[in-house]
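Okay, everyone, thanks for coming. Let me put the model up and walk you through the overall fold, and then we'll look at some aromatic rings.

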Amino acid sequence: MKVELNLHKATQKYNVYIDELDEIKLNGKVGIITNPKVAGLWLGWLLERLKCDEYFIITVADGEEYKNMASVEQILEQLFVSKFDRSSMLIALGGGVISDMTGFVASIYERGINFINIPTTLLAQVDASVGGKTGVNNKFGKNLIGSFYQPVAVYCESRFLKTLPEREFAAGLAEAVKMAVMFDSSMLDMLENFNLKDEGALAKIIYNAVWLKADVVQQDEHEKGLRAVLNYGHTFAHVIENETNYKQFLHGEAVAIGMNMANALAASLGLMSEQEKLRIKRLLEKFSLPTTYKIADENSFYEAFFMDKKSENKKIKFILPKGIGAHEIRSDIKKEQVIEILREFR
């Protein structure tokens with residue numbers, strides 16, 4: 001299966017392949033960026049399928065806390081030492097952290113070289129590896145340093161998910177739930193009846209999520225409007241991740257909590273029913289995802305929203321569900337209304 005992204009404004013096309021990685025033929029030098037855990041599991045498998053002139057393995061530490069400029073500098077230094085040029089290729093072999101950092105490095109090395117995404121986590125397959133968002137975190141927040149830079153191809157292999165810890169797998173399902181709530185109520189039905197052991201069902205969920213995201217990215221590559229909807233749950237989640245130094249929750253877990261917070265706000269505004277809110281909460285809990293977080297100071301939490309990339313002109317842009325399968329972007333919600341919801345999570 002494959003999904004084609006046709007970015008009209010960028011005059012660029014690329015495919016997202018699902019379970020079709022048999023061989024990759026490349027010219028010139030290839031840099032494979034990965035982490036020790038993934039390398040131990042899947043690097044040998046990839047090398048058996050990679051045909052190229054010369055390759056280099058670049059490993060960075062595993063974890064969201066290492067998604068920073070120090071790791072970027074480490075990768076860049078190895079590329080310079082190995083004399084990569086503009087005809088060289090990077091391959092991201094790993095989860096969302098590896099995908100984001102590899103894409104960012106590719107976008108700035110000698111003003112841009114090509115890269116391929118080979119995501120090894122469900123979260124990266126359904127979200128992070130597709131669409132060209134790249135970047136790193138800093139002390140002010142998540143992904144505040146980065147660029148829009150598209151890969152030349154993405155290969156999603158469901159075989160990678162067999163070695164994925166249950167917690168990581170569930171974190172990826174959170175992003176699939178996000179897509180369903182925002183765009184496709186029938187996909188939510190599918191997730192509610194999802195059998196974790198059914199490989200065919202899993203491939204279909206990956207395909208549906210990628211197709212939905214591709215459709216959005218083709219319409220709004222640089223997040224001027226519709227693409228912002230993909231950040232449902234993320235405005236809250238990014239504050240949670242920053243407050244916990246990216247160590248307590250996986251990204252998908254923070255997004256699950258963030259969606260529950262966004263749903264509470266949406267219900268208070270009459271955008272969704274209490275029954276719909278509870279339905280999503282139960283689905284997240286079915287996948288053993290967290291839905292609660294103890295906010296220490298709601299005013300401090302609120303002020304942190306302004307570091308979010310979606311805030312504009314001193315207004316916070318909230319992405320909220322409008323029932324299930326639809327969405328609404330709001331920048332007119334009063335602080336008192338938001339604080340009231342945040343108090344529910346103290």
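So, how does the radius of gyration sit against what a compact globule would have? For 346 residues you'd look for something near 20 Å, and this chain has 20 Å, so the two agree. Keep in mind that what you're looking at is a predicted model.

What's it built from? Twelve helices and 13 strands make up the secondary structure. Of the 346 residues, 58% count as buried. And take the contacts between residues at least 6 apart in sequence: 75% of those join residues at least 24 apart.

The accessible surface is about 15000 Å², and carbon and sulfur atoms account for 47% of that. On charges, we've got 42 positive and 46 negative, and their mean positions are 3 Å apart.

Okay, on to the rings. There are 15 aromatic pairs in the structure. One of them is Y17 with Y155, a stacked pair, with 5.1 Å centre to centre and 15 degrees between the planes. Where do these two sit in the chain? Y17 is in strand β2, residues 12–18, while Y155 is in strand β11, residues 153–156, so to speak distant parts of the chain, 138 residues apart. Are they buried or exposed? Y17 has 19% relative accessibility, and since the cut-off for buried is under 20%, Y17 counts as buried. Y155, at 12%, counts as buried too.

Now another pair, F80 and Y109. The ring centres are 4.7 Å apart and the planes sit at 45 degrees, so this one is tilted. F80 comes from helix α2, residues 69–81, and Y109 from the loop between α3 (96–108) and β8 (114–119), so the pair ties together parts 29 residues apart in sequence. How about accessibility for these two? F80 is at 49% relative accessibility, so F80 counts as partly exposed. Y109, on the other hand, is buried, with a relative accessible area of 1%.

Last thing, and then I'll take questions. Which residues do ring pairs link into a cluster? That would be F236, F249, Y293, F301, Y302, F305, F306 and F318. Have a look at those on the screen while we talk.

Note on methods: Residues are numbered from 1 along each chain as its sequence is written. This is a predicted model: local features need pLDDT of at least 70, side-chain atom pairs count only at pLDDT 80 or more; totals for chains, interfaces and linings use all residues. Side-chain values use heavy atoms; hydrogens and water are left out. Helices (H or I, at least four residues) and strands (E, at least two) are DSSP runs, numbered from the N terminus. The radius of gyration is taken over C-alpha atoms; the globule rule is 2.2 Å times the number of residues to the power 0.38. Buried means under 20% relative accessible area, exposed over 50%, partly exposed in between (1.4 Å probe, protein chains only). Contact means heavy atoms within 4.5 Å. Accessible areas come from the Shrake-Rupley method with a 1.4 Å probe; for residues, only the protein chains shown count as cover. Lys and Arg count as positive and Asp and Glu as negative; His and the chain ends are not counted. The place of a charge is taken as NZ of Lys, CZ of Arg, CG of Asp or CD of Glu. Rings of Phe, Tyr and Trp (its six-membered ring) pair if their centres lie within 6.5 Å; planes under 30 degrees apart count as stacked, over 60 as edge-to-face and the rest as tilted.
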